[in-house]
Amino acid sequence: MFQGPKTLKELNYQPLPSEPVRLDAVVQTHAHTDHSGMLPKLVKSGFKGPIFATEGTRDLLEWMLPDSASIQEAEVERLNRENRRRDRPELQPVYTMEDAQATLRHIRAVEYETWQPVAKGIRGRWWNAGHILGSASVELEVETGAADLPHFSILFSGDLGPQDGALQQSPRGPQGVDYVLCESTYGNRERPHLDDDQRRAAIARDVTQALGVGGNLIVPAFAIERSQELIGDLVYLMARGKLSTAPIYLDSPLATRATEVFERHLHLLDDVDPKAGSPFRAPNVHYVETVDQSMALNRISGGAIIIASSGMCDAGRIRHHLRHHLWHPRTTVLLIGYQAPGTLGRLLQDGAAQVKIMGEEIQVKAKIRKLEIYSGHADRGDLLTWVKARLPIQRGLFLIHGETTALAGMRENVLTLGLEPDKVIVPDLDQRYQLDRAAGALAVASTPRLEPVRTEEAKQGWDWHNELAAFSLELRRILDQAQNDKARMALLKDMRRVLDKR
Ligand SMILES: [Zn+2]
């Protein structure tokens with residue numbers, strides 16, 4: 001499912017690029033919405049087969065797919081209110097709650113590192129990818145029936161975790177496969193590598209500082225993994241007196257459900273003793289359920305830690321908290337995860353002086369802190385370690401799932417491992433390949449849904465919707481600063497003349 005800039009998000013409403021009824025099965029790497037969010041659309045469009053996923057992924061999807069459906073329904077509801085006022089045709093949601101529920105019935109749970117038949121002549125094996133609970137790289141072995149090459153194998157990395165993640169183990173995988181499709185999110189970026197103690201010391205410092213000035217600490221967090229890592233660390237530090245005990249509110253019903261899934265799979269987590277009970281519970285940790293309870297948090301003027309999703313501030317209850325808190329200089333906003341270009345989180349990270357939330361202009365007076373210590377993604381070095389451990393890669397390495405610059409950086413890196421340059425492929429969106437017995441991967445004619453990105457701005461994910469929002473804020477600022485209403489009127493008339501000339 002496309003997230004981020006509206007131009008990309010609009011693709012979610014278009015037909016899928018392959019015919020769902022012709023597909024035999026789906027092999028799922030993990031539960032994140034950008035990887036799982038189109039499953040209900042697939043089922044809605046006629047897919048009849050099984051969806052194979054690990055138990056952890058299945059249990060998370062049980063909450064995430066319905067949640068995604070309600071987001072789809074709410075978004076279309078909002079757009080349609082606008083469309084009706086403008087006399088434009090109404091949209092249909094990408095899928096509904098019913099489609100999400102139907103999808104869950106297709107899921108078949110698989111064990112890690114155990115061969116599983118997935119379709120005629122194809123078997124799969126799931127390897128722990130160390131990214132989020134249940135995450136996996138999927139290895140497929142395909143029978144060809146040909147004497148010179150009886151079978152070949154493909155490994156999909158899925159999203160990969162770091163070598164030193166907080167709750168997840170280091171990624172694992174097979175060696176010597178024919179083709180690898182490797183994610184490249186952080187293909188050109190290094191992250192500081194912290195061990196558990198260093199990471200906890202860093203978070204303790206930031207929390208102490210934020211609460212020390214008397215305001216609240218607002219943390220936009222991803223419902224899966226980031227929220228649990230953060231709460232796990234805070235509970236750990238407060239229980240040992242390394243951080244003063246403060247009320248912690250997790251204001252995300254989805255994150256709460258995810259926490260319960262984590263608690264059912266404690267044995268999968270790194271450095272967690274299942275016998276010691278849940279590492280995510282303490283008397284000062286409050287799991288907020290209802291909207292009323294969420295609104296009531298507005299009455300707390302200081303000293304509280306409010307964790308809410310979404311992690312990039314694009315949706316969810318975090319937007320209400322930011323609207324309520326951003327203008328206040330004693331507030332601290334702590335960004336602990338990746339902020340994609342074009343998202344509200346990225347605007348804050350880049351130092352925007354004012355932002356628009358739910359149509360309202362808000363001055364940013366809060367301190368914006370960035371502490372990217374909980375990344376569930378492998379960085380440049382981790383990715384290289386992972387690829388190296390998969391060698392030899394016999395026929396081809398596809399680099400996928402990254403911004404243009406990250407993909408370019410990743411390509412440069414993997415070439416240092418001695419891979420042949422023409423076997424390291426960076427495909428465009430919707431590019432198709434034929435896997436040829438003799439020649440390897442051959443690009444075949446295909447029609448992309450979007451023009452490949454060319455301009456520098458498009459590379460950064462900045463589209464005309466972002467430009468319009470920035471422009472209207474700037475216009476408002478200029479009008480506010482104009483001497484009087486007469487000057488404002490003159491300015492607007494000048495602009496009108498420019499537009500009329502077009
Ligand atoms: Zn992911």
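Predicted model: local features only at pLDDT ≥ 70, side-chain atom pairs only at ≥ 80, totals over all residues.
**Entry: the cis bonds**

Leu 391 and Pro 392 are joined by a cis peptide bond, with omega about 0°. Ser 310 sits in the loop between strand S12 (305-308) and helix H10 (318-325). I flagged both bonds because most peptide bonds are trans.

**Entry: positive phi**

Next I looked up backbone angles. Most residues other than glycine have a negative phi. Asp 87 is not a glycine, yet its phi is positive, about 60°. I found Asp 87 in the loop between helix H4 (55-85) and helix H5 (97-104). Is Asp 87 buried or exposed? Its relative accessibility is 72%, so Asp 87 counts as exposed.

Cys 313 also has a positive phi, near 65°, and is not a glycine either. I traced Cys 313 to the loop between S12 and H10. Is Cys 313 buried or exposed? Cys 313 has 0% relative accessibility and therefore counts as buried.

**Entry: the whole protein**

I stepped back to take in the overall form. I count 16 helices and 20 strands in the protein. The radius of gyration is 24 Å, close to the 23 Å that the globule rule gives for 502 residues, so the protein is as compact as a globular protein of that length. Along the principal axes, the C-alpha atoms fill a box of roughly 85 × 65 × 45 Å.

I checked how contacts span the sequence. Of those between residues at least 6 apart, 73% join residues at least 24 apart.

The accessible surface is about 24,600 Å², and carbon and sulfur atoms account for 52% of that. Buried residues make up 46% of the 502.

**Entry: the cores**

In soluble globular proteins, nonpolar side chains tend to be buried together. I went looking for such groups here. How many residues does the largest nonpolar core have? It has 62 residues. Those with the most contacts inside this core are Leu 60, Ile 203, Leu 234, Ile 305 and Ile 307. Helix H7 (residues 226-239) gives the most to this core, with six residues.

Which residues does Leu 234 contact, leaving aside neighbours within four places in sequence? They are Ile 203, Val 207, Leu 243, Ile 248, Ile 305 and Ile 307.

A second, separate core has 20 residues. Ile 306, Ile 318, Val 333 and Val 364 are among them.

**Entry: single residues**

I picked Phe 152, which lies in strand S7 (residues 151-156). Phe 152 counts as buried, at 15% relative accessibility. Beyond four places in sequence, its contacts include Leu 140, Val 142, Tyr 179 and Leu 435. I also took one distance: Phe 152 and Gly 342 are 190 residues apart along the chain, and their C-alpha atoms are separated by 40 Å.

I found Gly 381 in helix H12. Gly 381 and Arg 191 are 190 residues apart in sequence, but their C-alpha atoms are 8.8 Å apart in space. Gly 381 is partly exposed, with a relative accessible area of 24%.

Val 444 belongs to strand S20 (residues 440-444). Its relative accessible area is 30%, and Val 444 is partly exposed. Not counting residues up to four places away, Val 444 touches Gln 431, Arg 432, Tyr 433 and Gln 434. Val 444 and His 151 are 293 residues apart in sequence and 22 Å apart, C-alpha to C-alpha.

I finished with Met 495 in helix H16 (residues 485-500). Met 495 counts as partly exposed, at 27% relative accessibility. Leaving out residues up to four places away, Met 495 touches Phe 471 and Leu 475.

Terms used
Residues numbered from 1 in each chain as written. Heavy atoms only, no water. Core = buried A, V, L, I, M, F, W, Y, C linked by side-chain atoms within 4.5 Å. Buried < 20%, exposed > 50% of the residue type's maximum accessible area, 1.4 Å probe, protein only. Helix = DSSP H or I, 4+ residues; strand = E, 2+ residues; numbered from the N terminus. Contact = heavy atoms within 4.5 Å. Rg over C-alpha atoms; globule rule 2.2 N^0.38 Å. Areas by Shrake-Rupley, 256 points an atom, 1.4 Å probe, with all protein chains shown as cover.
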